[in-house]
Amino acid sequence: MKKVPAKTLVFALALAPAFAFASEKKAENATMSDERLVTILHQTNQAEIAAGKLAQQNGTSADVKNLGEKLVADHTKADDDVLAAADKAGVKPNPSSLSAHDKQMQQTDKKKMDQMKKLSGSEFDKAFAQEMSRDHDHMISMLKDAKTHVSPPIRELVDNTIPVLEQHKDLADKASKSADRGTAKGRAPEPVKR
């Protein structure tokens, strides 16, 4: 029996989680249905509306407050669009259609928002902007992957939603840079725990 060098074994073990994640992501997207995606989008819109209201209340910079206002307005409209597309596709949001991974991601997002509520000032601005950038980036990627697995009315919804999310990500990145300049003079904010 041939011995496997230790470096090769360590490298293979280090890559195992990445391969498992890629395999899990592929399986998640392969099982995407109209009902599941509509449910994800509906629940995400509700969470983004709440996050936008939080930014309007707790934000100190104009960029974060403006981002919050934009989140509330756009995700309120987006939710109406989701429900209209769902009706066209003959489905409704149904939490039982969510995968275990979807539910875990929602719990993680809720915990992050709960932590965000405890922050104030420039710490809130920085953490909020960074989190919105990451969340919107993740959602854009998920929608691009999922759109090949859904019906035409839902695919059209996705195509119309992605540019809005890209605009939100750009606004969040701008707010983050603005908050960076504000925290450069003081101490940096604590990262939001995952």
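Axes here are lines fitted to C-alpha atoms, for helices over the stretch in contact, and the angles between them run from 0 to 180 degrees between N-to-C directions. With that in hand, welcome to this protein, which is a predicted model.

## The overall picture

The secondary structure comes to six helices and zero strands. Read from the N terminus, the elements follow the order α-α-α-α-α-α. Of the 194 residues in the protein, 39% are buried. The protein exposes about 11400 Å², and carbon and sulfur atoms supply 57% of that area. Taking contacts between residues at least 6 apart in sequence, 81% join residues at least 24 apart.

## How the helices pair up

Two packed helices are described by the angle between their axes and the distance between the axes.

| Helix pair | Axes come within | Crossing angle |
|---|---|---|
| α2 (residues 34-58) and α3 (residues 62-89) | 8 Å | roughly 160° |
| α4 (residues 100-116) and α5 (residues 121-146) | 10 Å | roughly 165° |
| α2 (residues 34-58) and α5 (residues 121-146) | 12 Å | roughly 165° |

Let us begin with α2 and α3. Their axes cross at roughly 160°, and angles over 145 degrees count as roughly antiparallel. The helices α2 and α3 are therefore roughly antiparallel to each other. In this pair, α2 passes α3 in a left-handed crossing. Sorted by class, the contact of α2 with α3 has 12 nonpolar, nine polar and six charged residues.

Next come α2 and α5. Their axes cross at roughly 165°, which makes α2 roughly antiparallel to α5. The crossing of α2 and α5 is left-handed. On the α2 side, the contact is made by Leu-37, Ile-40, Leu-41, Thr-44, Glu-48, Ala-51, Leu-54, Ala-55 and Asn-58. On the α5 side, the residues taking part are Gly-121, Phe-124, Asp-125, Phe-128, Met-132, His-136, Met-139, Met-142, Leu-143 and Ala-146. By class, the contact of α2 with α5 divides into 13 nonpolar, four polar and two charged residues.

The remaining pair in the table is α4 and α5. With axes that cross at roughly 165°, α4 and α5 are therefore roughly antiparallel to each other. Here α4 passes α5 in a left-handed crossing. From α4, the contact uses Met-105, Asp-109, Lys-112, Met-113 and Met-116. From α5, the partners are Phe-124, Ala-127, Phe-128, Glu-131, Met-132, Asp-135 and His-138. This contact of α4 with α5 has seven nonpolar, one polar and four charged residues.

## Residues to look at

Start with Ile-40, whose place is in helix α2. Ile-40 counts as buried because its relative accessibility is 10%, and the cut-off for buried is under 20%. Leaving aside neighbours within four places in sequence, Ile-40 is in contact with Met-32, Leu-98, Asp-102, Met-139 and Met-142. Ile-40 and Pro-95 are 55 residues apart along the chain, and their C-alpha atoms are separated by 8.4 Å.

Asp-34 also has its place in helix α2. With a relative accessible area of 13%, Asp-34 is buried. Apart from neighbours within four places in sequence, Asp-34 is in contact with Ala-89, Val-91, Val-150, Ser-151 and Ile-154. Asp-34 and Val-150 are 116 residues apart along the chain, while 5.4 Å separates their C-alpha atoms.

Moving on to helix α3, you will find Ala-86 there. Ala-86 is buried, and its relative accessible area is 1%. Not counting residues up to four places away in sequence, Ala-86 touches Val-38, Val-91 and Ile-154. Ala-86 and His-42 are 44 residues apart in sequence and 10.0 Å apart in space, C-alpha to C-alpha.

Finally, look for Ser-141 in helix α5. Ser-141 counts as partly exposed, at 31% relative accessibility. Ser-141 and Ile-162 are 21 residues apart in sequence, and from C-alpha to C-alpha they are 9.1 Å apart in space.

Conventions
Residues are numbered from 1 along each chain as its sequence is written. This is a predicted model: local features need pLDDT of at least 70, side-chain atom pairs count only at pLDDT 80 or more; totals for chains, interfaces and linings use all residues. Side-chain values use heavy atoms; hydrogens and water are left out. Helices (H or I, at least four residues) and strands (E, at least two) are DSSP runs, numbered from the N terminus. Angles under 35 degrees count as roughly parallel, over 145 as roughly antiparallel, 65 to 115 as roughly perpendicular and the rest as oblique. A crossing is left-handed if the near helix is turned anticlockwise from the far one by less than a right angle, and right-handed if clockwise. Contact means heavy atoms within 4.5 Å. Ala, Val, Leu, Ile, Met, Phe, Trp, Tyr, Cys and Pro count as nonpolar, Asp, Glu, Lys and Arg as charged, and the others, Gly among them, as polar. Buried means under 20% relative accessible area, exposed over 50%, partly exposed in between (1.4 Å probe, protein chains only). Accessible areas come from the Shrake-Rupley method with a 1.4 Å probe; for residues, only the protein chains shown count as cover.
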